[in-house]
Amino acid sequence: MYNILIVDDEKIERNGIKLLLKRMGINLGVIEAENGKEAYDYLMSDDNKGEGHVDILLTDVKMPFMDGIELIRNVKDGGVKFKTIIFSGYNEFEYAKLAVKLGVEDYILKPVAPDEFKNTMLKVISELDEELRKNEDYNKQANSLRQFYLYSLINGSAANGIVKNTEFLNGFNRLVLIEFNSDFFGKYEFDFDKAVQIIKEEWESLYLNLNPQQSVILEAAKADTNYRIERFLSSLHNYIYEESSQFMYAAVSDVFSDYHKLSGVMDELEALMNNKFYQMDRYIYSNYVNEQTPVLVQIDDDALMKQMKQDIKMKDVTFLRIHFEA
């Protein structure tokens with residue numbers, strides 16, 4: 001849902017706009033301001049972020065402290081973006097000319113004509129919808145391109161000149177290989193990417209699915225993150241087990257500085273992942289593994305018996321051994 005900021009020093013005018021929106025069935029989050037200064041303070045504050053972000057500014061012209069034209073000019077100079085509609089009792093050419101220069105979408109005269117108001121609002125909302133769609137398409141394309149570059153680097157294709165733009169990788173310094181013994185990413189209706197975001201620590205990451213059993217997470221981690229990465233992976237493992245009854249293994253690389261050597265880092269992670277055949281009480285493997293590294297979660301007997309039956313059915317000897325020992 002979009003938000004509209006209604007700016008007018010007359011409360012009756014603000015209430016009239018809200019009533020029009022309600023009668024017309026136009027569903028918008030409504031924020032109010034009594035004058036341009038109050039509106040400016042809101043638009044430049046942290047409140048104008050996230051769910052409270054203003055998408056449409058509907059402002060009067062003549063107001064105390066800061067008029068509508070000054071408000072629009074000051075906020076535009078501050079880099080804040082939104083759709084702007086002026087409604088005013090002043091039908092003056094100079095105001096209209098200034099409004100055009102400031103990129104105002106429409107200029108509505110008071111008293112507001114319902115049909116004109118509705119058409120203007122629907123037009124602006126339609127423009128917002130179109131911009132949102134274009135942004136989503138752009139973000140999807142950009143993410144697909146980033147994933148292609150990352151996949152090429154991991155598979156050593158960078159040397160062949162496939163990867164040309166790697167600026168987005170600046171700051172990334174750790175690779176995590178995630179692996180399942182079953183075709184987890186092909187069989188289960190489970191949003192792994194969403195799970196990563198739910199559990200995610202406060203650092204940037206890039207997720208890439210490699211095949212039905214494997215994925216990687218590229219981290220922009222800080223220097224003191226051995227414990228934090230283990231905590232994140234332990235939480236992710238437990239979340240996935242609770243949601244799907246599947247065990248997740250993770251191999252964590254050392255910190256690296258040259259992402260052009262990611263194929264070598266991947267080879268090291270594949271070697272680390274082989275520890276799951278020898279250290280069957282663990283699911284996180286790294287060169288800094290210690291006694292505090294998490295072990296497999298405890299499971300009740302009934303769940304173990306069900307899981308062993310599933311292991312036999314799937315001919316999964318590794319997990320059958322783990323569950324039998326448990």
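Which residues gather in a patch of negative charge on the surface? In this predicted model, the patch consists of Asp-9, Glu-10, Glu-34 and Glu-38. Glu-10 sits in the loop that joins strand 1 (3-7) to helix 1 (11-23). With a relative accessibility of 42%, Glu-10 counts as partly exposed.

Salt bridges were examined next. Side chains of opposite charge can pair when their charged atoms come close. The structure holds nine salt bridges. In one of them, the side chains of Lys-18 and Glu-32 meet at 2.6 Å, N to O. Lys-18 belongs to helix 1 and Glu-32 to strand 2 (residues 29-33), so this pair ties together parts that are 14 residues apart in sequence. Both partners are partly exposed: Lys-18 has a relative accessible area of 28%, and Glu-32 has a relative accessibility of 30%.

Another salt bridge joins Lys-37 to Asp-41, with the closest N and O atoms 2.9 Å apart. Both residues lie in helix 2 (residues 36-43), four residues apart, which is about one turn of the helix. Lys-37 is partly exposed at 38% relative accessibility. Asp-41 is also partly exposed, at 38%.

Helix 5 (residues 114-154) holds both Lys-123 and Glu-127, again four residues apart, or about one turn of the helix. These two form a salt bridge, their closest N and O atoms being 3.2 Å apart. Lys-123 is partly exposed, with a relative accessible area of 40%. Glu-127 counts as partly exposed at 25% relative accessibility. The pair belongs to a network of salt bridges that links Lys-83, Lys-123, Glu-127 and Glu-131.

Aromatic contacts were then considered. A pair of aromatic rings is described by the distance of the centres and the angle of the planes. A search of the whole structure finds six aromatic pairs. Phe-180 and Phe-185 form an edge-to-face pair, 5.6 Å centre to centre, with 85° between the planes. Phe-180 is buried, at 1% relative accessibility. Tyr-249 and Tyr-285 form a stacked pair, with 6.4 Å between centres and 15° between the planes. Tyr-249 lies in strand 9 (residues 249-252) and Tyr-285 in strand 10 (residues 284-286), so the pair ties together parts 36 residues apart in sequence. Tyr-249 is buried, with a relative accessible area of 1%. Tyr-285 is likewise buried, at 1%.

Ring pairs also link Phe-180, Phe-184 and Phe-185 into a cluster. Ser-182 lies in the loop between strand 6 (174-179) and helix 6 (184-187). At 12% relative accessibility, Ser-182 counts as buried. Ser-182 and Gln-214 are 32 residues apart in sequence, and their C-alpha atoms are 9.7 Å apart in space.

Terms used. Residues are numbered from 1 along each chain as its sequence is written. This is a predicted model: local features need pLDDT of at least 70, side-chain atom pairs count only at pLDDT 80 or more; totals for chains, interfaces and linings use all residues. Side-chain values use heavy atoms; hydrogens and water are left out. Patches are made of residues with over 30% relative accessible area and no salt bridge: like charges are joined within 9 Å, nonpolar side chains (Val, Leu, Ile, Met, Phe, Trp, Tyr) within 5 Å. Accessible areas come from the Shrake-Rupley method with a 1.4 Å probe; for residues, only the protein chains shown count as cover. A salt bridge is a side-chain nitrogen of Lys or Arg within 4 Å of a carboxyl oxygen of Asp or Glu. Lys and Arg count as positive and Asp and Glu as negative; His and the chain ends are not counted. The place of a charge is taken as NZ of Lys, CZ of Arg, CG of Asp or CD of Glu. Helices (H or I, at least four residues) and strands (E, at least two) are DSSP runs, numbered from the N terminus. Buried means under 20% relative accessible area, exposed over 50%, partly exposed in between (1.4 Å probe, protein chains only). Rings of Phe, Tyr and Trp (its six-membered ring) pair if their centres lie within 6.5 Å; planes under 30 degrees apart count as stacked, over 60 as edge-to-face and the rest as tilted.
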